[in-house]
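Student: I would like to work through this model step by step. Can we take the helices, then the sheet?

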Amino acid sequence: MNLYEAMATQRAIRRLKPDPIPHDVLSRIFQAASWAPTGGNVQPFRMVAVTDRDKLKSLGELYTKQWAVYTEGMRAEGDALAPARKKMMLAGDYLCEHLHQVPVMVVFCFNAEHMAITDAGLDRPSVVGGGSVYTAVQNLMLAARAEGVGCVLTTLLCFEESAVKSLLEIPDPWGTCAHIPMGYPVLGGYGPTSRRPLSKMLYENTWMASSSFEGGA
Ligand SMILES: Cc1cc2nc3c(=O)[nH]c(=O)nc-3n(C[C@H](O)[C@H](O)[C@H](O)COP(=O)(O)O)c2cc1C
């Protein structure tokens, strides 16, 4: 499919069917992830494709625990919760209830010892290291989009990293930074994304100066 169309319609899909994803489709998706650029081309990431039912059940339980914490404030808002947030919360609830049934959950692992993290010494949270993993995550998700396979990038399981590492036998010093359940969408699945207009995200030459690059897509 057209790359721009894929990017413009790559929504988070949390309602996933248990139906299997053909092996060749998954192989293409994983291959696409492996093509991602990384700092110094070191490729300091690995993927664990979890298909084992018992392991998926355990991951689902851990995820559900963290989702409950994450959504506590939303639930407390009751009827005042904005419709878009409520929609997301209900879809997330669905994911929790069905996570043990998804055909595959991909856990992205990284090795910080193999990364040139150029902002590690700055007096603010470091983000550069993630750039050598999330490029692969985005490749995987775009490939899934192209194949009509639904997925959502989740990170709440980072709060449970030691349990996840032990379940999947991930050795030190590897860490985990993205957990992506995949499956065919239950509802309409992909569609237009809702984002800030480009004019509010792109400046030209100086901060806040409006740019001339608009309406290209
Ligand atoms: C770094 C990152 C972490 C995320 N973590 C979670 C998560 O733990 N659980 C979840 O349901 N969605 C998670 N998401 C998905 C976002 O909530 C979603 O991409 C965003 O709300 C936009 O939704 P949309 O694509 O449907 O418009 C995460 C996304 C990113 C980029």
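Student: How are α3 and α5 oriented to each other, roughly parallel or roughly antiparallel?

Tutor: This is a predicted model, where local features need pLDDT of at least 70, side-chain atom pairs count only at pLDDT 80 or more, and totals for chains, interfaces and linings use all residues. Residues are numbered from 1 along each chain as its sequence is written, and side-chain values use heavy atoms, with hydrogens and water left out. Helix α3 (residues 53–70) packs on helix α5 (residues 83–98) at an angle of about 160 degrees, with the axes 10 Å apart. Angles over 145 degrees count as roughly antiparallel, so the two helices are roughly antiparallel.

Student: What are these helices and axes, by definition?

Tutor: Helices (H or I, at least four residues) and strands (E, at least two) are DSSP runs, numbered from the N terminus. Axes are lines fitted to C-alpha atoms, for helices over the stretch in contact, and angles run from 0 to 180 degrees between N-to-C directions.

Student: Which residues of α3 and α5 make the contact, and how do they divide?

Tutor: Contact means heavy atoms within 4.5 Å. From α3 come Tyr63, Thr64, Trp67 and Tyr70; from α5 come Met88, Met89, Gly92, Asp93, Leu95 and Cys96. Ala, Val, Leu, Ile, Met, Phe, Trp, Tyr, Cys and Pro count as nonpolar, Asp, Glu, Lys and Arg as charged, and the others, Gly among them, as polar. The division is seven nonpolar, two polar and one charged.

Student: How is α3 oriented to α7?

Tutor: Their axes come within 11 Å and cross at roughly 180 degrees. That makes α3 and α7 roughly antiparallel.

Student: Which residues of α7 meet α3?

Tutor: On the α3 side are Lys55, Ser58, Leu59 and Leu62. This contact divides into six nonpolar, one polar and one charged residue. The α7 residues are Ala163, Val164, Leu167 and Leu168.

Student: Which residues of β4 stand opposite Gly150 and Cys151?

Tutor: β3 and strand β4 (residues 175–183) pair in the antiparallel sense over two bridges. Gly150 stands opposite Gly183. Cys151 stands opposite Met182.

Student: Is Met105 buried or exposed?

Tutor: Met105 is found in strand β2. Among the residues it touches are Val48, Leu56, Leu99 and Ile180. Buried means under 20% relative accessible area, exposed over 50%, partly exposed in between (1.4 Å probe, protein chains only). At 1%, Met105 is buried.

Methods: Parallel < 35°, antiparallel > 145°, perpendicular 65-115°, else oblique. Pairing = 2+ DSSP bridges. Lists of a residue's contacts leave out its neighbours within four places in sequence.
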